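Here's a quick briefing to read alongside the model.

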Amino acid sequence: MSGRSNRPIQGHHDGESDELEDQSRRLAASVETSLGRHPAQSTDDDSTHHPHRGKKSRSKKHIKRSRESDDSDSDEDEDVAPSPPRRGRKSRSKKHIKRSRESDDSDEDVAPSPPRRGRKSRSKKHIKRSRDSDDEEDDEGVDLGRVEKIVDDERVNIQKTMQSIASWMEVNRPPVTAERFRELAPIPTQDADYTQKDFNNVLREWNEDPMRNLILGRHTAANVTLPGAVPPKEPRRGERESFASLYRIFPRHYDCLYEEFMGPIYRLTYDNSENRHVYLEDGSTIPDPFPSKGFSETLKQIVLHDIWRGKLAVIAACLQYVNMLRTNDRRPWQLPDGLSESLFFKTWNNVIQDRRGSGERVDSLYGRVKTITGSDPGLYGDFFDQMTESFQIKAKPQSDNASKRTKDDDPYFIRTTDLTILLHAIDNYGYGGTTHYHRAQRVAALKHWSKTGNDYPSVKQFGEARDLGVLSARLLARKEENRKARLGASQAVDPRLKSSSSMSSSALPPPKPTERDREAEYNPTSHDDEGQHGDGDDSS
């Protein structure tokens, strides 16, 4: 170094913890930053030492370091970082730590680190960074006070939103009791299509199903433990808690059970082929039939979103569309019931009927729908554009993407990938770089923490509730099978089996079909003037 005498800072490394050293450095950086200065940056950790201090005292002197070059022609100076002061147990040094950096050739400044905040307080000083160059000088500052004001305002808005949600749910979506849950999982009445013998057979088949305990989330260590591995204490606990949370949403928000949504009524079923394998009692392995945590958490965000306006039929239609895109399914699409009041979906149905048997991809059919609806397709028309775009962004090429459907009336096998595509569409649906709705995760969190009361079933009650839900769904399915066999497979679904409550596609009663809707059912290929344009925000 040049002629200036540098007295070494006495200290030692033995016994010093890295954590204390890091804390001291951060304190120094925080103090310097609050003054608008640049914190010291060490380039040699071994040159950093701490001064000796007593437990109740510390040095309050300024620590100053000067770096000078021995060679005026050198491009780089060797940095020796000063040691930050050690702190006492109950006090901290409040003096300024000053560092001066001098260089023959370089005028660059090191950007200051943001200040560390305490547990209960935050620094409200301005953070200022100065950037110098040969051609310009630009000062940029971030006002933490303003940032905190924005955060405080947002906190107030969130509280108001939660209060509004809580008030609305208390009146329109009260907590679900065990009694109400049982009403949503009825045992079919006996008639020509369903007898006591049918009940006994279905009950026996369900009780003897080797996957029954897995479907109910009653995994044992033997089901999930690999040979030689340590068995878990609570197998599949995370999956069970996530699915139980999802399971409670359907009775409260849609007045139906999960089995109704993910079942024959909406022609959806869970595709567990991507799940981890589990062991059965006979030693064989199968993909776990219990929904994965990713599936449950993603579907929970989807069904709680406001874009659906409380209609499960719209969610089902969007899931089917995404699934057909992913699997290149070209079988005729039969839209879910409950969408007849939407001009957009009515146009969809007309195009499907007109092009039945053409073998066109579903996105090609959507192109025909857009041609008819024109430049104003309505809310769901724009959303279908976003779903198509999200599929191109989020879909992953997989060798097993081929559709598992073998018949036109087979359900759509829904994977977590399908949910991820739909969730991406919700979060990115908008115009001009902004989104029309809050992100699904935010909406789900607000509704979850705003609801009042406790819904049945709890995590401990989930097994028995799921048992009843699955049994009820299987009994209803058996009755429908018998009815089709008696009347012929071409008969429509019995409306009494469409819902365990009001037979609707949502928690609210569906609107009555208009005369024009009834005419469209008999003239699927005709497109009148009204059907060729969207209805703005779409009534569905």
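**Helix packing, cavities and backbone**

Helix α13 passes α14 in a right-handed crossing (right-handed if the near helix is turned clockwise from the far one by less than a right angle, left-handed if anticlockwise). Bear in mind that this is a predicted model, where local features need pLDDT of at least 70, side-chain atom pairs count only at pLDDT 80 or more, and totals for chains, interfaces and linings use all residues. Residues are numbered from 1 along each chain as its sequence is written, and side-chain values use heavy atoms, with hydrogens and water left out.

**α13 against α14**

- The axes of α13 (residues 379-394) and α14 (residues 416-428) come within 8 Å and cross at roughly 125°; axes are lines fitted to C-alpha atoms, for helices over the stretch in contact, and angles run from 0 to 180 degrees between N-to-C directions.
- That makes α13 oblique to α14 (under 35 degrees counts as roughly parallel, over 145 as roughly antiparallel, 65 to 115 as roughly perpendicular, and the rest as oblique).
- On the α13 side, F383, Q386, M387, S390, F391, I393 and K394 meet T420, I421, L422, H424, A425, I426 and N428 of α14, with contact meaning heavy atoms within 4.5 Å.
- Sorted by class, that contact has 8 nonpolar, 5 polar and 1 charged residues (Ala, Val, Leu, Ile, Met, Phe, Trp, Tyr, Cys and Pro count as nonpolar, Asp, Glu, Lys and Arg as charged, and the others, Gly among them, as polar).
- Helices (H or I, at least four residues) and strands (E, at least two) are DSSP runs, numbered from the N terminus.

**α7 against α9**

- Helices α7 (residues 237-254) and α9 (residues 293-303) have axes that come within 8 Å and cross at roughly 25°.
- The two are therefore roughly parallel to each other, and their crossing is left-handed.
- From α7, the residues G238, E239, S242, F243, S245, L246, I249, F250 and Y254 meet K293, S296, E297, L299, K300 and V303 in α9.
- This contact splits into 7 nonpolar, 4 polar and 4 charged residues.

**Cavities**

- Searching the whole structure turns up 5 cavities of 30 Å³ or more; on a 1 Å grid over the protein atoms alone, a cavity is a set of points where a 1.4 Å probe fits but cannot get out, and lining residues have an atom within 4 Å of a point.
- S245, R248, I249, R252, H253, K300, L304, K447, H448, K451 and D455 line the largest cavity.
- α7 gives the largest share of that lining, 5 residues, and both α7 and α15 (440-450) supply at least two.
- The lining of the largest cavity has 2 nonpolar, 3 polar and 6 charged residues.
- The second largest cavity comes in at about 60 Å³, and of its 12 lining residues R326, T327, S403, K404 and F413 lie nearest its centre.

- Most residues other than glycine have a negative phi, and most peptide bonds are trans.
- Y456 and P457 are joined by a cis peptide bond, with omega about 5°, and P457 sits in the loop between α15 and α16 (462-487).
- R267 isn't a glycine, yet has a positive phi of about 55°; R267 lies in the loop between α8 (258-261) and β5 (268-270).

Note on methods. 1 Å grid on protein atoms, 1.4 Å probe; cavity = no way out; pocket = protein on both sides within 12 Å on 5 of 7 lines; lining within 4 Å. Points joined across faces, edges and corners; volume = space filled by probe spheres on them.
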